[in-house]
Amino acid sequence: MKDDLKKLYSAIIKEHSATPFHFEKPGKVKNTIKAYNPICGDRFEVYIGSDERMVNALYFHGYGCAISKASTSILVKTLEGKSRKEALELCDQFLRFINKELGSNEVMLSDDFLAFSGVHDFPERYDCVLLSWREMKRFLESGAVATKTRRH
Amino acid sequence: MTLPLKSLKSCFPIFSHRPELVYLDSAATSQKPQSVVRAITDFYEKENANVHRGLYELSTHATQRYEAVRNKVTSLIGASNPKTIAFTKGATESINIIAHGYLKKNLKKGDNVLISVMEHHSNLIPWQQVCEETGATLEVIPVNEDGELVLKKLNTQLNQRTRLVAITHISNVLGAINPVEEIIAAAHKKNIPVLIDGAQSVGHYPIEIKKWDADFLVFSAHKMFGPLGTGVLYCKEEFAAQISPLNYGGGGIKNVELSNTVFLDYPHNLEAGTANIAGVIGLGAAIDFIQQLDMNETTRYTGELSTYFLEGLRSLGNGRRVGNPKNSGSIISFQIGSIHPHDVAGFLASSNIAVRAGHHCAQPLLESMGVPATVRVSFSIYNTRDDVYKTIAALVELKKFWS
């Protein structure tokens, strides 16, 4: 097996795809983010039970390849308990890191994030890595958390 | 002269440029033989001129070569009249011409169009859209768990309000070969015209359009060793006068006044604008290539590769074919345990094995089979047992990696 492929399917990614973090639909959901790739059919729902300032009670469910599943699992694990501002900053950094706009030494990234550096040898898999992150960033930017929370 | 199967790989230049390539995605697009590539470059280098326009020798020659391909297509599909053959951009455009240029004007609220659940999106969406625009409904023939059409209720599904049946000859996902003759006969008993999507079959399987008595046949050159961007619409004589063009422009006309245009007859009325002349000439070269092959021999050969692959898949233990049609071509969809098809395809790609993963533009079929995505291999005449062996060996390694 080639080294680049081993790097793509790093131990962290394999572990997250085999035993994803918070992989269930919780009883109470305030907001649902739908991440869908019509080209391959990967489909995840990320469930949020946040208040105005914090991104809390994150869960997800759905179907996708090992890369998109691990990436969504790491999204949930990473953003859980962060403020909206921090979560948005992390989404932005992750997207820019994958898109090679920022190097690994320019961003405050955890080992979980760096596990995805192997995808740089497989540009056709960028969409798998970014699927849920793009939708989460869009959601956070839309301010939907705050709006929805105010209504409740 | 029949080309010997053993030497066929060498007819396709891509394999001399990329000797390591194991290409198992011919259902998406086939590779092109040297003769087709040469015919296209020769045209541009030595014969380039517009057709149906010039009075000089070069243009007359281009016109003759372009029109001669209608005769070649006629012979390939077992038709008798070259005037039944229109050149299009591909199977998708051909279907859209029938949907919008023929069916829509005959479709009223309460009418229906009968398709099957195994259709490629290109033989589904055009009908779905004209139904939506006119208030007609889409009736659907289901498949069983083996991926075969369930025709028990065909006679009920074909009713007084059915205006067209559109069915694929060979499924691009499961490889199932459909009993098109039986479907056409049943529809014709009720005077319902039938369109056959031959995208996966023309050039690979014997087509006898006259014997089948199909009313329309559509296919693309690029899936049968020809160039991209060229396709065919066959339309039986009795419908020819009822087909309106989708595109209007230069060509395709008898007379133009500011207030009125008189169009040429089918097929020329559909070919407005400068034609893809090199594409059509490339299609002609592809047909010449195909006619040097013994089609019974090639289908037996690709069938053997499929069988060899299925044996290997079974030997893996966790390999499962999706669908198991009794009458099947050289297209196989499968899954490996719970490993996502994209992870399988990505793994194979790193060993230079090109396969397709996803829903293959047939989402309703996959939904009815209860799977979100599959891995698909499709075999052609340039594949070898060694290609199959390498693929199975890579799948064994994949299994180890994910265990």
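Chain B of this predicted model has a mean pLDDT of 95, with 99% of its residues at 70 or more. For the complex, the predictor reports an ipTM of 0.82, alongside a pTM of 0.92.

We may turn next to the place where the chains meet. On the chain B side, twelve residues are in contact with 13 residues of chain A. Two elements of chain B, helix 12 (341-349) and helix 14 (385-402), each give two or more residues to this side. Helix 12 of chain B supplies the largest share, with four residues. Sorted by class, the side of chain B that touches chain A holds six polar, four nonpolar and two charged residues.

Helix 2 (residues 11-18) of chain A packs with helix 3 (residues 66-79) of chain A at an angle of about 85°, and the two axes lie 8 Å apart. Because an angle from 65 to 115 degrees counts as roughly perpendicular, helix 2 of chain A is roughly perpendicular to helix 3 of chain A. From helix 2 of chain A, the contact draws on I13(A), K14(A), H16(A) and S17(A). Helix 3 of chain A meets them with A66(A), I67(A), K69(A), A70(A), S73(A) and I74(A). By class, this contact between helix 2 and helix 3 of chain A comprises five nonpolar, three polar and two charged residues.

Note on methods: Residues are numbered from 1 along each chain as its sequence is written. Chains are lettered from A and ligands numbered from 1 in the order in which they are written. This is a predicted model: local features need pLDDT of at least 70, side-chain atom pairs count only at pLDDT 80 or more; totals for chains, interfaces and linings use all residues. Two residues are in contact if their C-beta atoms, placed from the backbone, lie within 7 Å. Ala, Val, Leu, Ile, Met, Phe, Trp, Tyr, Cys and Pro count as nonpolar, Asp, Glu, Lys and Arg as charged, and the others, Gly among them, as polar. Axes are lines fitted to C-alpha atoms, for helices over the stretch in contact, and angles run from 0 to 180 degrees between N-to-C directions. Angles under 35 degrees count as roughly parallel, over 145 as roughly antiparallel, 65 to 115 as roughly perpendicular and the rest as oblique. pLDDT is the predictor's confidence in each residue, from 0 to 100.
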